[in-house]
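Please view the sequence and the structure before reading the points below.

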Amino acid sequence: MAKQRDHIFDEPRPMIVDFTFDERVASVFPDMIRRSVPGYGEVIALTGLFAERYAQPGSTLYDLGCSLGAATLSMRRRVHADQCRIIAVDNAPAMVEQCRANLEAEPSPVPVDVHCSDIRKVHIENASVVVLNFTLQFIEPDERLELLHRIHQGLRPGGVLVLSEKVVFENEREQQFQESMHLDFKRANGYSELAISQKRTALENVLLPESLEAHTSRLRNAGFGDVHNWFRCFNFASMAAFKTP
């Protein structure tokens, strides 16, 4: 599939329905996320470093909510521990289909299994690295702790969860500042006011962001020890949460 520019919300719509990761989104997703999520490229590239440092021999690495497989590819390029495999999971058939094609286009000795499934139903076991990149925000808040608890249970001691999310801020002035900078980022990347507005409406019932403090508290409640905010750009952040050895 050739890379295409995102024009999904460019034209006026009489009714805005909830955002879905369908075939149309899959076809423009690389352009969409590059122009919408500040720091996305750095998060993906640096995810590979977590695989390089923390993947344990004979373990499994998980990419939960893998979309087109960017984090999976990043990990696969950098993992050096012996006899590791990667499991990539997404519940959108269109995303999974393109993910498989992207992986096939870049051969590697590290095996990858791609599953079209709900990540809340995936059994996590023998894991050393788990990635949740901009995925937890699409799960109902009251279901997030159970997922994180299962991830913690499935991690080996010393294993790491990399959790990347859009975040909100408890201080109103900081929230206004960070949100305005994010909007300027999208404008600078060529999105019109109409496209920004229509996409915001499509996402408002399905993307439910939380504060860094809420994420940290939940990670600790799920059993994680050290939790570090290792990356942030405007209102997007990534955390590393470790299972105590």
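E106 is partly exposed, with a relative accessible area of 27%; partly exposed denotes the range between buried, under 20% relative accessible area, and exposed, over 50%, as found with a 1.4 Å probe on protein chains only. The model is predicted, so local features need pLDDT of at least 70 and side-chain atom pairs count only at pLDDT 80 or more, while totals for chains, interfaces and linings use all residues. Residues are numbered from 1 along each chain as its sequence is written, and side-chain values use heavy atoms, with hydrogens and water left out.

**Salt bridges between separate parts of the chain**

- E106 forms a salt bridge with R77, and the closest N and O atoms of the two are 2.7 Å apart; a salt bridge is a side-chain nitrogen of Lys or Arg within 4 Å of a carboxyl oxygen of Asp or Glu.
- Because E106 lies in the loop between α4 and β3 and R77 lies in helix α3, the pair ties together parts that are 29 residues apart in sequence.
- Helices (H or I, at least four residues) and strands (E, at least two) are DSSP runs, numbered from the N terminus.
- R77 is partly exposed, at 49% relative accessible area.
- A salt bridge also joins the side chains of E52 and R78, at 2.8 Å from N to O.
- E52 belongs to helix α2 and R78 to helix α3, so this pair links distant parts of the chain, 26 residues apart.
- Both partners are partly exposed: E52 has a relative accessibility of 32%, and R78 has a relative accessible area of 34%.

- R34 and D31 form a salt bridge whose closest N and O atoms are 3.0 Å apart.
- The two residues are 3 apart in helix α1, which means that about one helical turn separates R34 from D31.
- An α-helix has 3.6 residues a turn, so residues three or four places apart point the same way.
- R34 is partly exposed at 45% relative accessibility, whereas D31 is buried at 11%.
- R5, D31, R34 and R35 are linked in a network of salt bridges.
- The structure holds 13 salt bridges.

**The buried side of α3**

- In α3, the residues A71, T72, L73, S74, M75 and R76 are buried.
- The elements that cover these buried residues include α2, β1, β2, α4, β3 and β4, where contact means heavy atoms within 4.5 Å.

**The largest pocket**

- The largest pocket has a volume of about 1200 Å³.
- On a 1 Å grid over the protein atoms alone, a pocket is an open set of points with protein on both sides within 12 Å along at least five of seven lines, and a cavity is a set where a 1.4 Å probe fits but cannot get out; lining residues have an atom within 4 Å of a point.
- Grid points are joined across faces, edges and corners, and a volume is the space filled by probe spheres set on the points.
- Of the 50 residues lining the largest pocket, F21, Q137, F138, L203 and L207 lie nearest its centre.
- Helix α6 gives the largest share of this lining, 5 residues.
- The lining of the largest pocket comprises 26 nonpolar, 13 polar and 11 charged residues; Ala, Val, Leu, Ile, Met, Phe, Trp, Tyr, Cys and Pro count as nonpolar, Asp, Glu, Lys and Arg as charged, and the others, Gly among them, as polar.

**The cavity**

- The structure holds 1 cavity of 30 Å³ or more, and the largest cavity contains about 60 Å³ of space.
- Residues lining the largest cavity include D6, H7, D10, K186 and K199.
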